[in-house]
Amino acid sequence: MVISKPRHWKAIALVSSAVLVAGIAPQALAGENAPKGATASNVAPADAPAGYYDAAEGKTGDELKTALSGIISEQEVLSYSDVWDALKQTDEDPADSSSVVLFYSGESSSKDNNGGDQGNWNREHVWAKSHGDFGTSPGPGTDIHHLRPTDVQVNSIRGNKDFDNGGEPVEGAPGNSTDNDSWEADDEVKGDVARMIFYMATRYEGTDSHPDLELNDQVENGSAPLHGKLSVLKEWHEADPPSDFEKNRNDVIFDIQKNRNPFIDNPEWVGEIF
Ligand SMILES: [Ca+2]
Ligand SMILES: [Ca+2]
Ligand SMILES: [Ca+2]
């Protein structure tokens, strides 16, 4: 059940400022996913713990990517059924602890509205799981860094398309566009998409039992372990820097899965690696 469309982040910024002036710790989350009137149900974002990225210190290019891959590969691995409960925490609506914010549309939906029917939300694989054909067994297909609660029908329309600009507005998520071979995410989540794809390409290097995931500059990648388009995703990353909602999500995932998305913590690393 869709109950509201939270997009009014400026009001939250004002509330945060007022709270600061009053000398009380600001806990409201500013960002595209913080609805008007949001109150503190999540704590403010934290940074990576001291030392987390020490092994990446001073490195650039492929050496940096290898170091980051080693750091973020130290993680808990969830089952696909664990993912339901995890997403209820990672994507909780800051204005309503009984709801999640749906990806792409920005709408709010009851946590209990998960399922496979029209009007439900389900588990969107932002890195399309057919790209590398890894399915939903524990591994990349259950990695909550790139899994998001999404309206069933919107998820179905996105399918396994690569990301690119262009197309017609998507029914049920009109800020997003699609054509026969690609998906353009809403401006509010363009950078979120990009950083999730960069995370997947860095985490999965073929050094364990999972495929080496990488980016290329194409669409229609099919079942190859590749996702496009690199040039567009780099633009999206620049245009939409990490929001407080996205940073908080990284912290919640760190609690659950025990690893972080380095490109949310250090956006400049995208240009060093990709
Ligand atoms: Ca296209
Ligand atoms: Ca964003
Ligand atoms: Ca890789």
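Some ground rules come before the details. Residues are numbered from 1 along each chain as its sequence is written, while chains are lettered from A and ligands numbered from 1 in the order in which they are written. Since the model is predicted, local features need pLDDT of at least 70 and side-chain atom pairs count only at pLDDT 80 or more, whereas totals for chains, interfaces and linings use all residues.

**Overall make-up**

Of the 274 residues in the chain, 48% are buried. Buried here stands for 20 or more other C-beta atoms within 10 Å of a residue's own, exposed for 12 or fewer, and partly exposed for anything in between, with C-beta atoms placed from the backbone. Take the contacts with a separation of 6 or more: 60% of them join residues 24 or more positions apart. A contact is a pair of residues whose C-beta atoms, placed from the backbone, lie within 7 Å.

Helix H5 covers residues 190-203 and reaches 20 Å from its first C-alpha to its last, close to the 20 Å expected. That expected span is 1.5 Å times one less than the number of residues. All the way along, 14 of the 14 residues of H5 are buried, so the helix is largely enclosed by the rest of the structure.

The largest nonpolar core has 45 residues, and Tyr-104, Trp-127, Val-193, Met-196, Ile-197, Met-200 and Leu-233 have the most contacts inside it. H5 gives the most to this core, with 8 residues; H2, E3, H6 and H8 are also among the elements that each supply at least two. A nonpolar core is a set of buried Ala, Val, Leu, Ile, Met, Phe, Trp, Tyr and Cys residues joined through C-beta atoms within 7 Å. Setting aside neighbours within four places in sequence, Leu-233 is in contact with Phe-163, Ala-194, Ile-197 and Leu-215.

Strands count as paired if DSSP finds at least two bridges between them.

| Strands | Sense | Bridges | Bridge partners |
|---|---|---|---|
| E2 and E3 | antiparallel | 2 bridges | Asp-93 and Asp-96 |
| E3 and E4 | antiparallel | 3 bridges | Ser-99 and Ser-110 |

The hairpin of E2 and E3 has 2 residues between its strands, and that of E3 and E4 has 6.

Tyr-104 sits in the loop between E3 and E4 and has a positive phi of about 75 degrees although it is not a glycine. With 26 C-beta neighbours inside 10 Å, Tyr-104 counts as buried. Lys-258 also has a positive phi, about 70 degrees, but this residue is exposed, with 12 other C-beta atoms within 10 Å. Its place is the loop between helices H7 and H8.

Another one to look at is the cis peptide bond from Gly-228 to Lys-229, with omega near -5 degrees. Lys-229 lies in the loop between strand E12 and helix H6.

**A loop glycine**

Gly-139 is in the loop between strands E5 and E6 and is partly exposed, with 17 other C-beta atoms within 10 Å. The C-alpha atoms of Gly-139 and Leu-78 are 7.6 Å apart, though 61 residues separate the two along the chain. Beyond neighbours within four places in sequence, Gly-139 is in contact with Val-77, Phe-134 and His-210.

Conventions: Helix = DSSP H or I, 4+ residues; strand = E, 2+ residues; numbered from the N terminus. Contact = placed C-beta atoms within 7 Å.
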